[in-house]
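Have a look at the fold before reading on.

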Amino acid sequence: MTNCRICNAPLNEFIDFGRMPIANGFLAPEQTDSEYFFGLRVGFCAACNMVQLIEQPERERMFNENYAYFSSISVRMEQHFKAFADMVLRDYLGGDPFVVELGSNDGIMLHNFVDAGIRHLGVEPSQNVAEAARSRGVNTICSFFDEALAGEIKAQNGPADAILAANVMCHIPYLHSVAAGMKSLLKPEGVVIFEDPYLGDIIENTAYDQIYDEHVFYFSVSSVACLFEQHGMEVVDVLPQHTHGGSMRYVIAQKGKRAVSPAVAEQKRKEARLGLDRLETFHRFRSEVEASRDALKAVLQGLKAEGRRVVGYGATSKSTTVTVYCGITPELVEFISDTTPSKQGKLSPGAHIPVRPYADFAAAPPDVALLFAWNHGEEIMEKEAAFRREGGKWLRYVPKVEIL
Ligand code: SAH
Ligand code: TYD
């Protein structure tokens, strides 16, 4: 029995996806023999409502100089982080402001603070993306954020007005160290603002592909509140976001320093209505995941029987869970098209489907495109209007398996 990383109560395992590789571990054909696998299993803590992986690979296996995800590949995400930065610049900075970001990646958020002339520091352990940020003028240290590093940052720069984090808090198993570090690094009136895929959306949309090695936690407002309460901080606002198929932005402050928005209690009530505090909800989710897997496999096998060409669109980390769990092989999906140069020419983790540049998709569009990057669906559908006009079909599986 494993215990909750947040409150130490026993975890209730509710789904086992089997052996999984590193989701962003795109590999060369000669590397397939030594591919690493671990058991992807998820548990629910009935005491603090935190949903979390039972086992997570060690961090250096996932975050290193070959990290495959460059945030700035998406135009919409650039716009999203500009709006995020504008909100911080407008509402949350005091005198001689200093902003810290965890998981700053290629600088997609912080370059907005460079442009505004604000003192800033990105903390980014994956060296290749950290380099990309530096080359855009973003101050970046290549380290993992934790309590010790927070102390060093404060000693060198003074306290922070705002500590930001997008799609990274849910990656960090040692959140108590992170929260303690945030508390000591923050000015008395400072704020932590972070966002991650939201458990409510994952459950409602059967978006099981959000579950993979990097995502050790699946947050709700009630579970996030439980973490920060243990460190003398509180959630003062929550703002739902459309990104990554439904995310939640949390504003955290030192306890008693800022007014708490009614949105916090309202969202907690909504979570209770959704059953995010009950194990049976997660057992139902498992049944829905299994049905989704069977439906997707059946559609792909049907398309193959009809002799149709199917190509994947977007070699996302999420697609690793889908392809491996559903048994999607190169016989069913010819290749995956992706615009990220470092993924091209490689094989997808586990399923070993070739990843090819977008030019290959454009040169010979398939009959059906399997939308692995469904979270960028709007942006992609707009770009690919001609594919549809010329008879191409989209196959998606979130929120349900359907051909569009
Ligand atoms: N914020 C970006 C990147 C998200 S990907 C965006 O939303 O697009 C997660 C990033 O967090 C990766 O670049 C990874 O290297 C980094 N990361 C992982 N663990 C970390 C830690 N302990 N401290 C800081 N960054 C971390
Ligand atoms: P994303 O869904 O953002 O993340 P994750 O890896 O966390 O699941 O990844 C999007 C992937 O899709 C990325 O590898 C780039 C690719 N992509 C395209 O190939 N074309 C596009 O138009 C877009 C928006 C993304």
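Some ground rules come before the tour. This is a predicted model, in which local features need pLDDT of at least 70, side-chain atom pairs count only at pLDDT 80 or more, and totals for chains, interfaces and linings use all residues. Residues are numbered from 1 along each chain as its sequence is written, chains are lettered from A and ligands numbered from 1 in the order in which they are written, and side-chain values use heavy atoms, with hydrogens and water left out.

Let's start with the overall layout. The protein splits into domain 1 (1-54 + 307-404) and domain 2 (71-277), with bounds that come from an automatic or database domain assignment. Their C-alpha centres sit 25 Å apart. Domain 1 puts 34 residues into the contact and domain 2 puts in 34 residues, where contact means heavy atoms within 4.5 Å.

Now for ligand 1. It has 20 residues around it, and the closest are Ser71, Gly103, Glu124, Ser126 and Asn167; a residue makes the list if one of its heavy atoms lies within 4 Å. Tyr174 brings a polar side-chain atom to 3.1 Å from a nitrogen atom of the ligand. On its own, ligand 1 has 570 Å² of accessible area, and the protein covers 98% of that (Shrake-Rupley method, 1.4 Å probe). By class, the shell around ligand 1 has twelve nonpolar, six polar and two charged residues. In this scheme Ala, Val, Leu, Ile, Met, Phe, Trp, Tyr, Cys and Pro are nonpolar, Asp, Glu, Lys and Arg are charged, and the others, Gly among them, are polar.

Which residues come nearest to ligand 2? Of the 20 around it, they are Ser317, Asp338, Lys343, His376 and Lys383. Two of these reach oxygen atoms of ligand 2 with polar side-chain atoms: Lys343 at 2.7 Å and His376 at 2.7 Å. An N or O atom in the side chain of Tyr69 is 3.1 Å from an oxygen atom of the ligand. The protein covers 97% of the 570 Å² of accessible area that ligand 2 has on its own. Its shell holds seven nonpolar, nine polar and four charged residues, and takes at least three residues from each of domain 1 and domain 2.

A pocket here is an open set of points on a 1 Å grid over the protein atoms alone, with protein on both sides within 12 Å along at least five of seven lines, while a cavity is a set where a 1.4 Å probe fits but cannot get out; lining residues have an atom within 4 Å of a point. Points are joined across faces, edges and corners, and a volume is the space filled by probe spheres set on them. There are three cavities of 30 Å³ or more. The largest cavity has a volume of about 40 Å³, and its lining includes Phe14, Val42, Leu199, Tyr218 and Phe282.

Note on methods. A polar contact is a pair of N or O atoms within 3.5 Å; within protein, one must be able to donate a hydrogen and the other to accept it, and residues adjacent in sequence count only if both atoms are side-chain atoms.
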